[in-house]
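User: I would like to go through this model and ask, for each label put on it, what the label rests on. Please set each value against its cut-off before you conclude.

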Amino acid sequence: MRRSLLIIIFARTTLNMAFRIVYPFLPAIARGLGISLGAAGQLVALRGLAGLIAPVTGPLADRYGRRRVMETGLLAFAVGSLVLALAHRFWLAVLAFVLVGVSKSLYDPAMQAYLGDRIPYEERGRAMGLTELAWSASWLLGVPASGLLMERWGWHSPWFVLTLLAVVGWWLTAWGLPRARVARAPTAQAPVAGRAAQTIRRWGALLAHRNVASAMIVGLTIMTAIETVLIVYGAFLESAFGLSLAALGLASIVVGVAEAVGEFGSAGLVDRIGKRRSVAAGLLLLGLSFLVLPRLAGSLVAALAGVMLMMVSFEFALVSFLPLVSELVPERRADVLSINVAVLSLAHMVGAALGGWLWQFHSIAVNTLAATALVVVGLIALSLTREGTVLSQEVRPQPMARPGGVTGDSIE
């Protein structure tokens, strides 16, 4: 799996860069497009809205293979990045942000299902934790480099680089990621309307289970809370300390370091102390960091220390949460993971809109107070969540014959 993990980390780092560089440089992007910061925040919300198609794209990994869907996601990302690099009008930026959101909805559930198929649950936390290093790597590499590129060649320049990296990631995935033999029931050829109705019933039945519903609330609150604060992170540092784009990018290195600490911490501890306990510990620290952050706004060093604590806590909680989700309903792993991606995308959308709206009061304390309340809701939902939901008969996937009556393993 070593080569597979390296390829996945590279591809996810590329995808995540498009998400990460928006936060510190959202004011610069807004100025470049000639729109307000609030309107730019709506672009981020639209990106999250595009991610809501994950329950539709997730089952494609069962039908067409994990790797093929991962490749499609990377190609969609390349197109979206190129459109944004060439965008001079708001509607083109809308199209680009939507494509980037769709690309994550395609790639992430397929990638997580790929790992879930190949790695035992007892070791899956470490493997997924390592792939989550792509978040910190994307910030550590993408944000400082983007700050320098934007200051020299304008706000469009990083998106040209991301287009090239996405093509490289697609090539590595297509030719370097091993094919996996996956035991799963093949999908019968049914009318589109019938398949859609069946899919809706299956999703509804999954969400009717307490474990799945409560876990989705946990993911929703974790991501909405951090997004509510992070969406105004760049504006907060820019307005409070007058940082240039290059300086803002360099100062943001502490965020990438914090994320790496949280991801490494989760990868090393989650399988030892348990998934639920790890998520609970991360949420408690995250709530504490939200309460402390406004009190540290007097100096740049103190503010960055507060942001670092916030990001360590968030990453530890989220990375510990993913393997928990992967074992909620083992029989419908791809479905549950795709629903989770949709929920996290919804959280991105809600958090971006909420955070941008709260920023009109020009006080980071308003944003952090709302985020703290969300953390409390997440802790309550976590107390109701357990691994290993046993499905009722009507929700279980039924073996279906292939054309010609053949059943068995399929090759991705």
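Analyst: A helix here is a DSSP run of H or I with at least four residues, and helices are numbered from the N terminus. I253 is found in one of these, helix α15, and the model as a whole is a predicted one. The chain's secondary structure comes to 19 helices and 2 strands.

User: Why is I253 called partly exposed?

Analyst: Buried means under 20% relative accessible area and exposed means over 50%, with partly exposed in between. The relative accessibility of I253 is 32%, so I253 counts as partly exposed.

User: What makes L250, I253, V257 and V261 a nonpolar patch?

Analyst: A patch takes residues with over 30% relative accessible area and no salt bridge, and nonpolar side chains are joined within 5 Å. I253, at 32%, is therefore over that cut-off. Together L250, I253, V257 and V261 have about 290 Å² of accessible area on the surface, and helix α15, spanning residues 253–273, gives the most to the patch, with 3 residues.

User: How do you know that R12 and D108 form a salt bridge?

Analyst: The criterion is a side-chain nitrogen of Lys or Arg within 4 Å of a carboxyl oxygen of Asp or Glu. The closest N and O atoms of R12 and D108 are 3.4 Å apart, so the pair meets the criterion.

User: Why are D108 and K104 called buried?

Analyst: The cut-off for buried is under 20% relative accessible area. D108 has 7%, so D108 is buried, and K104, with 7%, is therefore buried too. R12 is likewise buried.

User: How do you know that R67 and E71 are buried, and what joins their side chains?

Analyst: R67 has a relative accessibility of 11% and therefore counts as buried, while E71, at 15%, is also under the 20% cut-off and so counts as buried. Their side chains meet in a salt bridge of 3.4 Å, N to O. Both residues lie in helix α6 (residues 66–86), 4 residues apart, about one turn of the helix. A search of the whole structure finds 3 salt bridges.

User: Why is T131 called buried, and which residues does T131 touch?

Analyst: T131, found in helix α8 (residues 121–131), has a relative accessible area of 1%, so T131 is buried. Leaving aside residues up to four places away in sequence, T131 touches L5, I8, I9, R12 and L115.

User: Which residues have the most contacts inside the largest nonpolar core?

Analyst: They are W159, F290, M310 and M311, in a core of 113 residues, to which helix α17 (residues 300–326) gives the most, with 12 residues. Among the residues that F290 touches are A225, V229, M310 and V375. Over the chain of 412 residues, 57% count as buried.

Definitions and conventions:
Residues are numbered from 1 along each chain as its sequence is written. This is a predicted model: local features need pLDDT of at least 70, side-chain atom pairs count only at pLDDT 80 or more; totals for chains, interfaces and linings use all residues. Side-chain values use heavy atoms; hydrogens and water are left out. Patches are made of residues with over 30% relative accessible area and no salt bridge: like charges are joined within 9 Å, nonpolar side chains (Val, Leu, Ile, Met, Phe, Trp, Tyr) within 5 Å. Accessible areas come from the Shrake-Rupley method with a 1.4 Å probe; for residues, only the protein chains shown count as cover. Buried means under 20% relative accessible area, exposed over 50%, partly exposed in between (1.4 Å probe, protein chains only). Contact means heavy atoms within 4.5 Å. A nonpolar core is a set of buried Ala, Val, Leu, Ile, Met, Phe, Trp, Tyr and Cys residues joined through side-chain atoms within 4.5 Å.
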